Every structure is written in structure tokens, then in C-alpha cells.
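Colleague: Before I look at the model, could you take me through how helix packing is read from coordinates?

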Amino acid sequence: MQDLIFNKCKSISVLLSSGKDKEARNELILLLDHLRKHHVKYNEIINNIIRQTGLYPYMDDDDLIWQDQLLLELFTQDVGGNKNVVLHREQSKVLSQLLSGDNLAISAPTSFGKSFIIDAFIKTKNPDNVVIIVPTIALTDETRRRLCKKFSRDYNIITTPDAALADRNILIFPQERALLYLEKLNEIDLLVIDEFYKASPNFDKERAHVLIKAILTLGRKAKQRYYLAPNIKTLPENPLTEGMKFMEIDFNTVYTKIHNRYVPRMSDAEKYDIIQDVLLPDHSKTLIYAGTYRNIGIISDFIIQNVRPKRNQLLNSFSSWIKENYSEDYMLSELVKRETGIHNGQLHRSLSQLQIKLFEEEAGLRNIISTSSIIEGVNTSAENVIIWSNKNGKPIINNFTYKNIVGRGGRMFKHFVGNVYLLDAMPSDESTQLDLFVDDSELFNLTEEALSEQPESLKSSKIDEYRDEMREIVGDNSYDRLLQEGQLLQSDSNLVKKIAIDIRRSPNSWQSLKMLNSPDSSTWDRAIYSALPYCGSMNTKHSVFVEFVKIIANNWQEGLPNIIKEVKHIDLNVNSYFDLEKNATYKLSTSLATINSLIKSMYPQMGIDVSPFISKLSSAFLPTVVYHLEEYGLPRSLAKKIQRAGIYNFEDDNLTIRAALDSLIAIGGDNLKQRIPGLHEFEHYIIDFFFDGILDT
């Protein structure tokens with residue numbers, strides 16, 4: 001073994017002296033993996049090689065020579081929560097530049113460890129206001145949980161709409177919510193944009209325009225900006241990253257081993273055989289990238305038919321809870337018995353969070369089948385990654401997405417080597433240039449103040465032409481008031497104009513909107529139909545969607561299992577429920593909010609205001625606080641048990657999320673378990689998970 005170590009270290013030294021740093025790191029990581037598997041302690045030579053490669057966190061701090069001890073002390077950083085971590089060389093470089101006041105746009109691998117840099121900056125600089133924009137609600141919760149444990153005693157940590165600001169705040173939002181705080185924040189000390197590549201319509205066609213507005217408006221209030229992305233080779237000059245230094249960092253902390261098992265015209269049966277080879281004999285964690293919702297179903301059916309349920313009390317309890325709180329025939333309940341979960345962008349937030357939590361547990365889920373949500377929505381990784389399909393929905397994945405998926409293989413301190421199994425043809429290797437641009441339409445509905453803060457190069461006559469046209473359609477004072485209140489920021493400018501024109505042409509045809517305030521859902525049909533043309537695809541017939549909205553109006557009263565039984569009568573299943581609820585709470589509510597704002601401004605005499613309905617719809621007809629508590633890991637079914645037990649009243653219209661959280665903290669998790677009658681065995685686990693995320697210790 002000693003001869004092997006010496007020879008390997010010698011070859012790594014040769015690579016380093018030849019300037020082949022990445023090859024040297026890869027060889028070192030493979031050596032460290034070998035030593036760990038054989039329980040071999042590092043010697044002075046190995047620590048020296050680790051030091052030369054910059055992978056300082058991997059150094060064994062037992063019996064270090066004084067030079068190495070000094071180096072570890074120099075690169076040890078307080079990241080909050082009384083926790084010190086050793087940064088690797090490139091992390092330290094980035095942090096140093098941030099602390100010196102630089103504005104940075106960083107491209108770094110998934111395993112880089114970017115969160116430590118943010119935490120270290122907050123701990124060192126003690127800023128008053130930090131805004132972190134993330135692409136998904138799941139990442140919002142993940143980031144909140146991490147920062148809450150470290151900084152909740154010193155900062156007001158905000159993740160939900162309408163929370164009041166304090167003297168010192170850390171705000172963590174998707175871009176849509178961030179815009180709601182535009183007028184409330186006068187100054188931002190650090191603006192963080194996670195996955196900033198999504199400001200390009202090439203990567204997020206539906207939501208890029210909102211992220212662009214967030215960057216344009218909040219960026220002008222920020223003293224310092226820190227934007228993060230993976231796998232970007234070049235970043236041409238553009239208004240969104242103006243004045244920022246771009247750093248393309250190719251510094252891996254794990255080794256990715258590609259196993260290309262694809263052959264032309266490969267059948268599903270051949271793919272099944274490979275999955276069996278990887279999953280069944282192995283006890284490591286595996287992510288299976290399915291590529292489409294249909295493929296999730298195909299792979300799930302195969303696992304259910306070919307893998308026996310395991311004797312796992314925790315997962316069997318989870319399976320039972322799913323059947324009780326969703327549906328007896330929900331496929332997920334059978335999958336989790338086989339140590340497998342599902343992740344996609346449609347699932348209820350608490351259900352996704354629980355599965356990721358169980359995936360992190362040693363005795364929890366071993367496998368996750370996912371769409372691209374696993375690479376965009378959460379920071380998780382596994383020893384194995386299986387790429388079943390080269391699709392990302394309908395289109396074929398590009399090289400950028402492929403690298404993102406591959407980057408989920410391996411994790412620092414857990415898996416030195418990530419094994420990636422390819423079961424489909426992959427895109428050719430190419431460098432990704434991120435082209436960011438601002439279309440005139442992104443500026444049309446900014447406030448005058450926000451517009452005045454933009455570079456002159458962005459302003460064109462089209463902006464004045466659009467605004468003049470909108471003032472003519474909506475009315476001068478009415479349109480200016482809408483701009484000032486920011487009521488049109490989240491909507492596409494061209495869609496806003498189309499709606500305004502349609503209202504002006506036929507105002508009386510919108511009288512049916514009033515019926516949305518009726519408690520009788522049978523009167524809602526015409527009003528919902530009138531809004532659907534402005535919502536985009538709902539993934540079902542309009543008639544089915546209208547019926548669906550009317551059914552979920554009883555979400556809180558009936559409970560989810562009964563609601564799912566009802567939607568089956570209109571030929572929908574559990575997965576359809578998730579999809580359509582998301583469309584109702586986001587797409588339909590956003591369109592109705594735009595319509596409502598315009599009608600109120602253009603025809604106040606009509607007395608139309610469906611804000612109460614929009615508020616209920618955006619919360620899936622649950623009490624608003626209950627809906628937001630799902631983001632914190634408390635399922636609606638458990639909130640309802642708390643309500644029925646008389647422990648807490650979530651139906652109070654004046655209740656805020658902060659007040660609810662403070663009250664639940666005061667009650668305490670153990671007390672809650674004792675006071676809820678009929679508590680399911682798995683709900684003890686859920687309550688512990690929920691409280692772990694809201695307590696600061």
C-alpha cells in the first residue's frame with residue numbers, strides 16, 4: 001500500500017509541475033477514495049499533495065506538520081452558528097474578493113461549496129439587508145433552514161410575502177416574491193442571484209422576464225452583487241451584470257466517473273437491466289434522471305414490479321401516511337416501500353421536502369427518480385446518477401443541462417467519486433456562452449423611479465410609445481397609479497397590453513368576474529373561462545380545469561383525500577392534481593390579478609374587485625398561513641389536525657406567518673405531539689423535521 005501511495009503521489013506531483021492542475025486533482029481524489037475504502041490514514045506526503053492542489057478541507061488534521069497546521073488556520077472561516085469550516089483555495093479567493101467589495105458573477109461546479117461563501121460573508125461583514133433570489137420554493141426552504149440555524153438570532157429571515165421588515169433582514173425569495181419588496185427596501189447590502197443564467201429565456205422561457213426585472217430593479221439598490229451559476233464559459237457584456245467581474249472557476253472537489261452504457265436503439269428492457277445492476281446490489285444513494293413525467297411513471301412501474309418492499313419501519317410508516325393523506329392508490333406509497341422517491345416541480349412542497357430529507361438519511365430513501373427539478377430546485381447529490389433519457393420535457397437536453405445533471409454525482413466528504421451511468425445519447429461537449437439581454441418590454445411597466453435608475457443605453461423610444469399607448473387605453477392617472485403600486489411588474493408587458501385592449505373593447509363582458517366573490521362555486525364558470533386565454537397552457541381542457549378549480553374550493557373543508565376522489569370523477573389522478581393546483585395558484589391567480597387591477601382602474605364604476613377570490617385561489621383555498629407553512633415543512637393535513645384539536649386557529653384572517661411560527665415555537669414540538677389526537681406514527685417525524693427548520697438551535 002505504501003508503494004502505491006508513493007507512486008501515486010509522485011505521478012500527481014508530475015502533473016502539478018506540468019500545470020495540469022485538474023488532472024492532478026482528479027488523480028488525488030481517486031487516491032483519497034481508495035484510502036478511505038481501505039481505512040488508511042493520510043501521511044505527510046499525502047497532506048502535502050492535498051495542500052498543493054488547493055483541496056485544503058481534505059487534509060487530515062491529525063499529526064500535521066506545523067506548516068500544514070498554520071495553513072488550515074489561515075483558511076478556516078467562521079460561517080455562523082459557531083461553526084468554523086476550512087475553505088478550499090478557490091472558495092477563499094472568491095470570499096476575499098467579496099469582502100473587499102467586488103461585484104462578482106461566478107461560474108463554478110455544483111460541488112464548489114458556494115453556500116459557505118455567502119454564510120462567511122454575512123458572519124464577517126454583518127450587513128443589514130441581504131437579498132437572496134433562488135429559482136424555486138424548494139431552494140427557498142433549503143436556504144432558509146441553513147441560515148436560520150446560524151443567523152436567526154441576529155436577523156429577521158423572510159421567505160414569504162407580506163412579512164414585515166426589521167432593522168436587519170435576510171430575504172430569501174424566488175424572483176416573483178422579490179418584486180413585492182421592491183418599494184419596501186431602500187438599500188440592499190448584498191444581492192445574491194442563485195442560478196442567474198435563468199435570466200436568459202434560453203434557459204427559462206416562462207419566468208426569465210420576471211428575473212430580469214428583479215435584477216434590474218433590486219440590482220440598482222444593492223451596494224454589492226454576487227451572482228452564481230454553473231458551467232458558464234463566457235459572459236459577454238450585458239446590462240444585467242454591468243460592473244461585475246466574471247470568474248469562470250473550473251475547480252472540482254469530487255471526481256466524476258462516466259459509465260456510457262448507451263447503444264443505438266436501446267430498449268427500455270435493456271435500460272431496466274442496467275438499473276437493476278446499479279440499484280439492487282448497491283446500498284449507495286442514486287439519482288435517476290427520467291427527463292419527463294411519463295418516464296417517471298415508466299421507471300416507477302418497473303421498480304414496483306421488480307423490487308421487493310424492504311423491512312424499513314420509517315419508510316413503511318411514510319408509505320402508510322401517504323395513503324392516508326393523499327390516496328390509497330398513489331404510486332408513491334408503493335415506491336417508498338422500495339426505498340425510492342419522486343421529485344418534480346409539481347409535488348406539494350412539504351412532500352418534496354420530506355423525500356429529500358429522507359434521501360439524506362442513512363436509513364431513508366436510497367433512490368430518487370426526478371425531472372430537471374432535482375438539478376434546479378434543490379442542492380442534493382448522490383454517489384450514483386443514472387441518466388435514463390436525454391430529454392428535458394419535450395426538447396433534448398443541451399450540454400449545459402447535461403453537465404448540471406452529471407454534477408450531482410459525488411459530494412464533498414461523502415462520496416469522493418460520483419458514478420454517472422448514461423442510458424441515452426448525450427449532447428456533444430461544447431462551451432456555454434451566457435447571452436443576457438434586456439428587451440424593451442422588460443422596462444415598459446417599471447415605476448418612473450426604477451426606470452430612471454436604469455442605464456441610458458437601455459432606454460428607447462419604444463418605452464415611451466408603449467406607456468403612451470397604455471395611458472390612452474387605461475387612462476393617464478390610472479396607468480401611472482398601477483405603475484407606482486407595482487401591480488403590473490410580474491406580468492408580461494405585452495400580455496398586460498392585450499388584456500387592457502380586450503377590456504376596453506368590451507367592458508360589459510367582464511361583469512361575470514363579480515361572481516367569483518360568491519361562495520357558490522357553481523356560478524364561477526364564465527369568469528374563470530374569461531381569464532384562461534391569458535394564462536398559457538393549463539395541460540388540460542379548459543372545461544376540466546374550470547371544474548377542477550370549483551372542486552378545490554373545498555380544499556380546507558374536505559381534506560385532500562376526498563378532493564382527490566372528486567377530481568377522479570373528471571378523469572384526473574393524483575399527479576394531475578398536483579399539476580393543476582400549481583397552475584391554479586400561480587398562472588390563473590396571476591392573470592386574474594392583472595385583469596382585476598386593470599378593470600378596477602379603467603372602470604371603477606363597475607364595482608368589480610375580486611381580490612378576495614384571488615387571495616383564496618393563490619393559497620389553493622387553504623388558510624393563507626397553512627399554505628405558506630407547507631413551505632416550512634408542515635403539510636396541510638397536519639395543520640388541519642392542529643386546527644381540529646383546538647390547539648391553534650389558522651383561520652384567523654389577521655394571522656401572519658411570523659405570528660403563527662412564533663406561536664408554534666412557544667407550543668413546542670413535543671407538546672404538539674401529545675395534544676394532537678390520532679397522530680400518525682410518521683407525523684412524529686414530520687413534526688421533528690418542521691421544528692428543526694424553524695428553531696435556531
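Modeller: Angles under 35 degrees count as roughly parallel, over 145 as roughly antiparallel, 65 to 115 as roughly perpendicular and the rest as oblique. This is a predicted model, in which local features need pLDDT of at least 70 and side-chain atom pairs count only at pLDDT 80 or more, while totals for chains, interfaces and linings use all residues. Residues are numbered from 1 along each chain as its sequence is written, and side-chain values use heavy atoms, with hydrogens and water left out.

Colleague: At roughly what angle do the axes of α14 and α31 cross?

Modeller: Two packed helices are described by the angle between their axes and the distance between the axes. The axes of α14 (residues 349-360) and α31 (residues 681-694) cross at roughly 90 degrees and come within 12 Å, so these helices are roughly perpendicular to each other. Contact, meaning heavy atoms within 4.5 Å, is made by Q353, L354, K357 and L358 of α14 with F682, Y685, I686 and F689 of α31.

Colleague: How do α5 and α6 cross?

Modeller: The axes of α5 (residues 89-99) and α6 (residues 114-125) come within 10 Å and cross at roughly 40 degrees, and the two helices are therefore oblique to each other. On the α5 side Q91, V94, L95, L98 and L99 take part, and they meet F116, I117, A120, F121, T124 and K125 in α6.

Colleague: Is α7 mostly covered or mostly uncovered?

Modeller: Buried means under 20% relative accessible area, with a 1.4 Å probe and protein chains only. Helix α7 is mostly covered, with eleven of its 15 residues buried, including D141, R144, R145 and K150.

Definitions and conventions
Axes are lines fitted to C-alpha atoms, for helices over the stretch in contact, and angles run from 0 to 180 degrees between N-to-C directions. Helices (H or I, at least four residues) and strands (E, at least two) are DSSP runs, numbered from the N terminus. Buried means under 20% relative accessible area, exposed over 50%, partly exposed in between (1.4 Å probe, protein chains only).
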